[in-house]
Amino acid sequence: MTCAEALLDGLAKRAVVIADKGYDADRVRAHIRAQGAIPNIPNRAHRKRKFRWKKTIYRERNQVERFFNKLKQFRRIATRYDKLGATFFAFIKIAAVRIWLRSIESTA
């Protein structure tokens, strides 16, 4: 949460930021809105002022979470064998292509 604003710098106008309840803070929402983006973050239970959010858009976050879970099935990524960032990122690309090819095979 301390580096959320640094991660959210450079958002496109009218972009929708989907985050979980852990990012439900007034300063994070204000930072997103200051860049012209739209926060789609569910409210925490203890929040006094409730914000509107769309459940249908929030469900798309599940696809991203599932993709990260599939990436972690590759032992080389989960244990971070590669020390250099470039080789680690290259293997993530290879794994992403492999996951994509598997999804095409299962639907065909």
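Where in the protein is confidence lowest, and where is it highest? Helix α1 (residues 4–7) has the lowest confidence, at a mean of 84. Strand β2 (residues 38–40) has the highest, at 93. This is a predicted model. The mean pLDDT of the protein is 89. Of its residues, 97% reach 70 or more.

The largest pocket holds about 320 Å³ of space. It is lined by 16 residues, and the closest to its centre are Leu 8, Val 17, Ile 18, Ala 19 and Tyr 23. Two or more lining residues come from each of α1, β1 (16–18), α2 (26–34) and α4 (61–71). Helix α4 gives the most, with 4 residues. Helix α1, one of these lining elements, is also where confidence is lowest.

**Salt bridges**

The count of salt bridges comes to 7. Three of them are set out here.

| Pair | Closest N to O distance |
|---|---|
| Arg 29 and Asp 24 | 3.0 Å |
| Glu 65 and Arg 61 | 3.2 Å |

Take Arg 29 and Asp 24 to begin with. Both residues are buried. They also belong to a network of salt bridges that links Asp 24, Asp 26, Arg 29 and Arg 47.

Glu 65 and Arg 61 are both in helix α4. They sit 4 residues apart, about one turn of the helix. Glu 65 is partly exposed, because its relative accessible area is 39%. Helix α4 therefore carries this pair and also gives 4 residues to the pocket lining.

Asp 82 counts as buried because its relative accessibility is 10%, under the 20% limit. Arg 76, at 36%, counts as partly exposed.

**Tryptophans and a nonpolar patch**

Which residues make the nonpolar surface patch of about 380 Å²? Val 97, Trp 100, Leu 101 and Ile 104 do. Trp 100 is found in helix α6 (residues 85–107). Is Trp 100 buried or exposed? Trp 100 is exposed, because its relative accessible area is 52% and the limit is over 50%.

Trp 53 is placed in the loop between β2 and α3 (55–58). With a relative accessible area of 32%, Trp 53 is partly exposed. Ala 96 lies 43 residues from Trp 53 along the chain. The C-alpha atoms of Trp 53 and Ala 96 are separated by 30 Å.

Note on methods: Residues are numbered from 1 along each chain as its sequence is written. This is a predicted model: local features need pLDDT of at least 70, side-chain atom pairs count only at pLDDT 80 or more; totals for chains, interfaces and linings use all residues. Side-chain values use heavy atoms; hydrogens and water are left out. Patches are made of residues with over 30% relative accessible area and no salt bridge: like charges are joined within 9 Å, nonpolar side chains (Val, Leu, Ile, Met, Phe, Trp, Tyr) within 5 Å. Accessible areas come from the Shrake-Rupley method with a 1.4 Å probe; for residues, only the protein chains shown count as cover. A salt bridge is a side-chain nitrogen of Lys or Arg within 4 Å of a carboxyl oxygen of Asp or Glu. Buried means under 20% relative accessible area, exposed over 50%, partly exposed in between (1.4 Å probe, protein chains only). pLDDT is the predictor's confidence in each residue, from 0 to 100. On a 1 Å grid over the protein atoms alone, a cavity is a set of points where a 1.4 Å probe fits but cannot get out, and a pocket is an open set with protein on both sides within 12 Å along at least five of seven lines; lining residues have an atom within 4 Å of a point. Grid points are joined across faces, edges and corners, and a volume is the space filled by probe spheres set on the points.
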